[in-house]
Amino acid sequence: MSRISENPYAVMVRDLIHRPGEMREHSIDVVVPEAFGNAVIAVPEGSELAIDGRFESLHDGVLVDAVISGSAKAECVRCLIDVTMPVRVEFQELFAYSEDEAFDYTVIDEHVDLEPVVRDSVVLSLPFQPVCQKDCLGLCPECGVRLLDNPGHEHEAPIDARWAALAGLQDFTQDSHDHNVTDADDSPETQEEKS
């Protein structure tokens with residue numbers, strides 16, 4: 001016996017097979033048995049997807065027109081915080097009665113398996129570069145602080161590497177100037193002026 005009936009994405013369509021014009025609506029809530037997406041954004045394992053569909057019998061097979069809704073977990077690509085994003089996507093797919101090159105999916109043991117269609121539809125709808133909000137400023141390139149949390153955050157302007165060697169001379173010239181002023185104060189002429 002086929003194991004398709006144990007698949008949480010499988011829907012029995014016995015009442016529609018070879019009955020063109022017959023139609024019914026059916027909704028299923030699937031606890032996702034395996035995460036799908038990518039490293040940046042995915043529908044995690046154990047989350048719930050709601051699939052509200054209309055199943056219509058045609059001459060060639062069963063046409064499924066459905067809306068998928070749920071949520072995905074993501075990491076903002078700019079500031080790296082965790083984000084939960086809503087998922088809502090529609091699909092329309094024909095599940096054929098016979099395996100034919102013209103159709104990608106078929107009716108198997110009086111069931112339609114929505115998993116590959118749901119997976120493809122959801123994954124393709126996920127943003128390639130998710131952000132926590134459109135105007136996210138990201139992280140400070142110098143210290144890594146999240147700029148949205150610290151709007152006035154800034155650092156001193158970096159010293160041009162070509163002039164960095166001269167930065168030490170400023171202290172040296174200041175010390176020399178101070179030393180010369182002290183020596184001048186101790187000179188005999190200065191002593192006479194003081195008295």
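These questions and answers concern a predicted model of a protein chain.

Me: Which residues of helix α1 are buried, and where do they lie around the axis?
Reply: Helix α1 covers residues 115-125, and its buried residues are Val 117, Val 118, Ser 121 and Val 122. They span an arc of only 115 degrees around the axis, so they lie on the same side of α1.

Me: Which strands do the buried residues of α1 pack against?
Reply: Packing is judged by contact, that is, heavy atoms within 4.5 Å. The partners of the buried residues of α1 are β3 (36-37), β4 (41-43), β5 (48-57), β6 (61-75), β7 (82-96) and β8 (105-106).

Me: Is Ile 159 buried or exposed?
Reply: Ile 159 sits in the loop between α1 and α2 (164-186). With Trp 163, Leu 166 and Leu 169, Ile 159 makes a nonpolar surface patch of about 450 Å². The cut-off for exposed is over 50% relative accessible area. Ile 159 has 61%, so Ile 159 is exposed.

Me: What percentage of the contacts with a separation of 6 or more comes from residues 24 or more positions apart?
Reply: The count takes in contacts in the protein chain with a separation of 6 or more. Among these, residues 24 or more positions apart account for 56%.

Terms used: Residues are numbered from 1 along each chain as its sequence is written. This is a predicted model: local features need pLDDT of at least 70, side-chain atom pairs count only at pLDDT 80 or more; totals for chains, interfaces and linings use all residues. Side-chain values use heavy atoms; hydrogens and water are left out. Buried means under 20% relative accessible area, exposed over 50%, partly exposed in between (1.4 Å probe, protein chains only). Helices (H or I, at least four residues) and strands (E, at least two) are DSSP runs, numbered from the N terminus. The arc is that of the directions from the helix axis to the C-beta atoms. Patches are made of residues with over 30% relative accessible area and no salt bridge: like charges are joined within 9 Å, nonpolar side chains (Val, Leu, Ile, Met, Phe, Trp, Tyr) within 5 Å. Accessible areas come from the Shrake-Rupley method with a 1.4 Å probe; for residues, only the protein chains shown count as cover. A salt bridge is a side-chain nitrogen of Lys or Arg within 4 Å of a carboxyl oxygen of Asp or Glu.
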